[in-house]
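Notebook open. Today I look up how aromatic rings pair up in this structure.

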Amino acid sequence: MTAIGIHDLSLATAHHVVDLGDLATAADVDPAKYRVGLGQDRFSLPSADEDIVTMGASAALPILERHGRDGIRTVFFATESGIDQSKSGGMFAHGLLGLDPRARVVEIKQACYGATAALQAAVALVARAPGERALVIASDVARYDLDSPGEPTQGAGAVAMLVTADPALVEIEPVSGLNAADVDDFWRPNDRTTAVVDGGLSMKAYLDALTGAWDDFRARGGAPIDEIDRFCAHQPFTKMARKALARLARHTGADLDDAMQEATFAYNREIGNAYTASIYAGLAALLDGDADLAGRRIGFFSYGSGAIGEFFTGVVRPGYADHLRPGAVAAELEAREPISLADYRALHAAVSPSDEDSETPRVTRAPFRFAGLRGRARQYERTETR
Ligand code: HMG
């Protein structure tokens with residue numbers, strides 16, 4: 001059977017960065033609570049002229065520059081921070097990226113799980129027509145109320161993946177385990193720009209979905225635990241993935257060490273929760289940070305509140321390292337501009353769902369920017385800077 005999976009993957013994040021040490025000090029919290037207790041160092045914050053579309057298109061651009069646009073007949077745009085109730089974020093990205101008009105373009109939403117649904121659907125479409133390629137874009141901005149327990153777990157980022165036959169990076173294996181349960185652990189009503197969350201319930205729902213998805217994965221013939229070499233989980237904050245691996249160890253009776261997933265944390269510690277992009281930011285960090293992956297099987301646990309869990313596996317392809325972009329994410333993180341807490345709070349408060357015509361200030365250095373509203377429609381443009 002032809003291998004299908006991730007041929008290329010690229011990450012983009014936002015213009016600003018908030019230091020959690022500063023946030024802790026201002027809130028009179030021990031900084032170790034965020035650094036060690038949550039496992040987070042900083043979070044990315046979009047400027048006024050950035051959003052899920054600009055980040056998503058910026059993540060996809062290097063993939064198209066390397067592999068061209070031919071044969072991309074599907075664009076899945078996964079997000080839970082959608083910018084329109086009707087039009088897909090993917091339509092804006094499709095236009096900005098100059099993709100072929102002969103394409104299906106849709107937005108997929110199920111909290112942080114959407115990108116995995118998109119990836120699996122892309123794999124299935126390419127299996128049916130192996131000459132086609134599919135572009136999966138996962139892009140999110142995680143926003144919680146100021147001064148709430150969720151505040152230090154905010155973040156922003158996008159990961160784009162090109163799904164093809166005979167992929168260069170990771171073959172996605174056919175078996176996956178699923179667990180769906182209607183839970184009110186986290187959601188965002190239409191009139192809110194920040195999430196409503198029951199933190200304790202959300203962690204329980206995440207861990208319950210993990211064991212449920214694992215049991216289904218095994219029942220359907222998925223690899224036994226001792227044939228899984230690395231673990232890459234959704235990381236709302238990196239400590240959550242440590243809790244996940246510990247739960248899986250207890251559940252299976254296997255001795256699972258955090259060394260299996262340590263390399264997946266590097267980017268999420270910096271970006272914060274990028275919701276549906278978070279697990280794939282973990283994969284990007286693993287591919288960049290672990291030199292011994294060829295032929296290794298990665299166990300993925302994708303979780304989206306509300307709540308879906310999916311456990312699936314991928315095998316890293318021989319020669320994968322020749323197809324990475326060494327230093328690209330480090331440069332992206334390094335380029336972020338630190339923002340004072342006062343300016344961060346002002347920017348946070350300024351995000352409102354207004355549909356009045358407006359122009360945004362020019363701030364971002366990303367390849368695309370959100371220019372504002374004209375005739376109540378969102379306007380995007382290519383920037384001159386890159
Ligand atoms: P909190 O009130 O800060 O929790 O909220 P806490 O007081 O329990 O402290 C957190 C950790 O810091 C604990 O570690 C403390 O012990 C530790 P644990 O015991 O759990 O291992 N701690 C310290 N460590 C070192 N030095 C210290 C110190 N003090 C305390 N001095 C909570 C935490 C996660 C609930 C909050 O941030 C929140 O509500 N976050 C948003 C919800 C969330 O991320 N849930 C995760 C699962 S749901 C999910 O992943 C889906 C999601 O991504 C969205 C989607 O799917 O759409 C959120």
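I call a residue buried under 20% relative accessible area, exposed over 50% and partly exposed in between (1.4 Å probe, protein chains only). The model is predicted: local features need pLDDT of at least 70, side-chain atom pairs count only at pLDDT 80 or more, and totals for chains, interfaces and linings use all residues. Residues are numbered from 1 along each chain as its sequence is written, and side-chain values use heavy atoms, with hydrogens and water left out.

**Entry 1: ring pairs.** I searched the whole structure and got 12 aromatic pairs. Rings of Phe, Tyr and Trp (its six-membered ring) pair if their centres lie within 6.5 Å; planes under 30 degrees apart are stacked, over 60 edge-to-face, the rest tilted.

**Entry 2: Tyr206 and Phe301.** This pair is edge-to-face, at 5.3 Å between centres and 75° between planes. Tyr206 is in helix α6 (residues 199–219) and Phe301 in strand β12 (residues 297–304), 95 residues apart. Helices (H or I, at least four residues) and strands (E, at least two) are DSSP runs, numbered from the N terminus. Are the two buried or exposed? Tyr206 is buried, at 2% relative accessible area. Phe301 is buried too, at 0%.

**Entry 3: Trp214 and Phe311.** The ring centres are 5.0 Å apart and the planes stand at 85°, so I log this pair as edge-to-face. Trp214 is in helix α6 and Phe311 in strand β13 (residues 308–316), 97 residues apart. Both residues are buried.

**Entry 4: a cluster.** Ring pairs join Phe92, Phe370 and Tyr380. I also checked for charges over rings (NZ of Lys or CZ of Arg within 6 Å of the ring centre and within 35 degrees of the ring normal). Lys87 lies over the face of Phe92, 4.0 Å from the ring centre. The charged end of Arg378 sits over the ring of Phe370, 4.1 Å from its centre.
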